[in-house]
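Please work through the exercises below with the structure open beside you, and try each task before reading its solution.

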Amino acid sequence: MTERTMTGTLLSVRGLRKRFGGLIATDGVDLDVLDGEIHALIGPNGAGKTTLITQLFGELTHDEGAISLEGEEIGGLTTVQRVRRGLGRTFQINQLLPDFTMLDNVALAVQAHEGHSFRFFANARRDEGLRARARQHLATAGLSHRAEVKVADLSHGEQKQLEFAIALASEPRLLLLDEPMAGLGHAESEQMVAMLLALKGRVTMLLVEHDMDAVFALADRISVLVYGRVIATGTAAEIRDNPEVRTAYLGEGDA
Amino acid sequence: MTLVLEQLLNGLQFGVMLFLLAAGLTLIFGIMGVINLAHGSLYMVGAYASAFVAAQTGSVWLALLGGLAAAAIIGMVMELVVLRRLYARDHLDQVLATFALILIFNQSVTLLFGRQPLFVSVPPALNGSVQLLPGLTYPVYRLAIIAVGLLVALGLYLLINRTRIGMLVRAGATHREMVRALGVDIRLLYTAVFGLGALLAGLAGLMAGPILAVQVGMGEQILIMTFVVVVIGGVGSIRGAFFGALIVGLVDTSLRAFMPGLLRQVMAGPEADALGAGLASMGIYLLMAIVLLVRPKGLFPAHV
Amino acid sequence: MSDNAIPRTRAATPALGRAIGLLLLAAALIALPFIVKAIGQPALVPLATRVLIYAIAAASLNLALGFGGMVSFGHAAFFGIGGYAVGILYRTFADDALFLGFIPGTDQLLITLPAAILVAGLFACIIGALSLRTSGVQFIMITLAFAQMLFFFFVSLKAYGGDDGMTIRRRNALFDLNTRDDVTFYFICLALTALVFLVLWRIVGSRFGMVLAGIRQNERRMAAIGIAPYRYKLAAFVISGMGAGLAGALMANYLRFVSPDMLHWTKSGELMIMVILGGVGTLLGPLLGAGALVILETVLTGWTEHWQIVLGPILLLVVLFTQGGLSGLLARLGLGGRSAP
């Protein structure tokens, strides 16, 4: 893996707990994401990966524990406030604006990031500032040629890429990626990996993914989540050789 | 003191009527996700059918049966013909389609029975009053309504919590696919639930007959109050419907009874009466606003 | 939202075709009083005025309902408040009194209309702030209930006619125009209708409009890009209520009468019917819908007093079997309009 200077911890999670009735979904998770890294979060189905992401993003409130971004506690903030502090996410199940074109979707995210939405008169679709930056993000996600296509008419793979372009438009410092390869074909997956690699170092990412090839190709470090608990964190090699991980996870059937 | 007690009983009686409507409305919404404005029309159907049968046959039992059957059957036909097409639609379509049903029901009833209100007499067996406490006599008929309402509440509680049908109803609200996988015909279940809701609305309507005038528009008046009940109690929750109905019934009745009197202490009689009546009509909506401020999901939100 | 929600494709018709269509519509509306006079049907002018006033109300409702996805069942409240603002100001003026002890009355349209808009907006702000704490079916029930509350308030307001309402002896004055003249009043309403549609058109296409449309489509997505929906929804609801208030103020002038009937819940239902008849979330749809409903009512009441027994099934069929109302139908027939589902 690439050697880089780790400038510090961007996201720090301590003792995070969440229960749903009798079910403990998150059981004292400790996790550090370092500035600039791609940190993969893997684990068997039902380990609580998406639940964890959802709590980090503030869509679900945790019961106990602390979440801090650059040393600042964000655990009590709403999703919108966390987004303003530099958190972004993509969704495993696409959350897009189906009546809008791709360009509209991204331009709206640019506009939201800019923070001037109480403007009632000028035509937003003719705002070249917004449109140009939105086109840039679409280009980064490899979608330029489809900018004017309505979301409802896109393929699943294109929608996944669009999720990514929208997340980029918020210019997050930490991007939470929830299974960006889910449901993609082989070629599409490779394209997505190349895209993420190109951004590596510029955006810090916490990547939840089942596709192990992608994880090993991308991640600086990997954390393994089993039954709501992080049982190991380390480089790809360390994780591969970790006996606990082998029994608890890799042994059970690699995705 | 006896006046207060009497008004409390009146409030209870009104609350129980509201519960019969609210239970069906909230059940139908909780399970099928449909907002049915025409629920009030089923109340009207129950009242008219029962009044009609009573006038034709003179039999209380046949009137009861006729009102219940008419409401339930028309309710199920309504589900089969119209509501079923709306489950997958958004609320706007549901509101407008059931609003159209109200127009159709109201005009049909006007054509059949005219605009003059019908008056229904209290069944002879329930005529008269009993002395509850020294100085407090109360109409038997109203006591009977309270008893019927409480029995229905108990019955619904048992049905939902203790029976297989109740289990399916609860599961159907959250796990549609699972219920279907169990081999249950969910469409039949929906029709049955709708029929039950209609039956309860019809029951409320036919019981209201002797107390209120049976007339076109009676359904909408009570429907809007039922909405207040459902919002206060928590949408989708039978328990919420029950307590919400009692609260609204008591508050509305007491305000109507005592507000003008209180105002008369500070202003002239006729003006106090007018203002008092106005404030009393607004009371439950203010109550709803307060509940919304404190608990946006209502007092007893459904767990699902 | 279901599949008959708001279409937002580039219209199939080229922009030029749409511009020509709009010009034709404008020309027809301007020429209407002269044409009906020429064919000897001057009674059609008041009818057309009513269509315009309802079009303002329906288009305003459409901003909340069609573009913002807020199914308000209480817009008659704002319509009625607008009407009562005119009525109360006129009564205060006629009595040479002070409303609430400090507000002088007036019969000047240039004052009464802004006053009506302002008061309606204020009420929309209060009702919206409370109602928008919920969503979905609760929102429908709550807006309906609040409107009902105001209905009862005006019923009990004996000083201003209570149940019976009150008459306004003369229409409000505007410069030296003879507002009593039906054609003059028609043109006043036409100008205001054009203004309202222009404003709504700009809002819908603006940054604010984009956010509003985004919220309608997916609130979770909007939060994830850093937009808290509540403020935007409330702002749209208030603008929508102001428009309904303006329509109510014009209606009070048109009828020279206000009564609690203007706030009745069936009036809210009628406004929604106009929106859906015309096509939810389309700009010109409400005008078509208002025209369709007012004309339908006029024609049917000529046949039978039970005209609603015809309206009911028509509405039911429109909801169940058409997608996008009249303007959707027109678009599919290739006659312009914005929607192409």
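**Exercise 1: the domains of chain A**

Task: In this predicted model, state how chain A is divided into domains, and describe the contact between domain 1 of chain A and domain 2 of chain A.

Solution: Begin with the bounds, which place residues 1–86 + 172–255 of chain A in domain 1 and residues 96–170 in domain 2. Turning to the contact itself, 10 residues of domain 1 of chain A are in contact with 8 residues of domain 2 of chain A. On the side of domain 1 that touches domain 2, helix H6 (residues 186–199) of chain A gives the most, with 3 residues. Sorted by class, that side of domain 1 of chain A has 6 nonpolar, 3 polar and 1 charged residues.

**Exercise 2: contacts between chains**

Task: Determine which of the 2 pairs of chains in contact shares the most contacts, and describe the side of chain B that touches chain C by helix and by class.

Solution: First set aside chain A and chain B, which no contact joins and whose closest C-alpha atoms lie 12 Å apart. The pair that shares the most contacts is chains B and C, where 39 residues of chain B are in contact with 40 residues of chain C. On the side of chain B that touches chain C, at least two residues each are supplied by helix H4 (91–113), helix H9 (218–233) and helix H11 (269–294) of chain B, and the largest share, 14 residues, comes from H4(B). The class division of this side of chain B is 29 nonpolar, 6 polar and 4 charged residues.

**Exercise 3: two packed helices of chain B**

Task: Describe how H9(B) and H11(B) pack, and name the residues of these helices that meet.

Solution: Start from the geometry, in which the axes of H9(B) and H11(B) are 10 Å apart and the packing angle is about 25°. Because angles under 35 degrees count as roughly parallel, H9(B) is roughly parallel to H11(B). The crossing in which H9(B) passes H11(B) is left-handed. At the contact, B:Met225, B:Val228, B:Val231 and B:Ile232 of H9(B) meet B:Ile284, B:Tyr285, B:Leu287, B:Met288 and B:Val291 of H11(B). By class, the residues of this contact between H9(B) and H11(B) are 9 nonpolar, with no polar and no charged.

Notes
Residues numbered from 1 in each chain as written. Chains lettered and ligands numbered in written order. Predicted model: local features only at pLDDT ≥ 70, side-chain atom pairs only at ≥ 80, totals over all residues. Domains from an automatic or database assignment. Contact = placed C-beta atoms within 7 Å. Helix = DSSP H or I, 4+ residues; strand = E, 2+ residues; numbered from the N terminus. Nonpolar A, V, L, I, M, F, W, Y, C, P; charged D, E, K, R; others polar. Axes fitted to C-alpha atoms, helices over the stretch in contact; angles between N-to-C directions. Parallel < 35°, antiparallel > 145°, perpendicular 65-115°, else oblique. Left-handed = near helix turned anticlockwise from the far one by under 90°.
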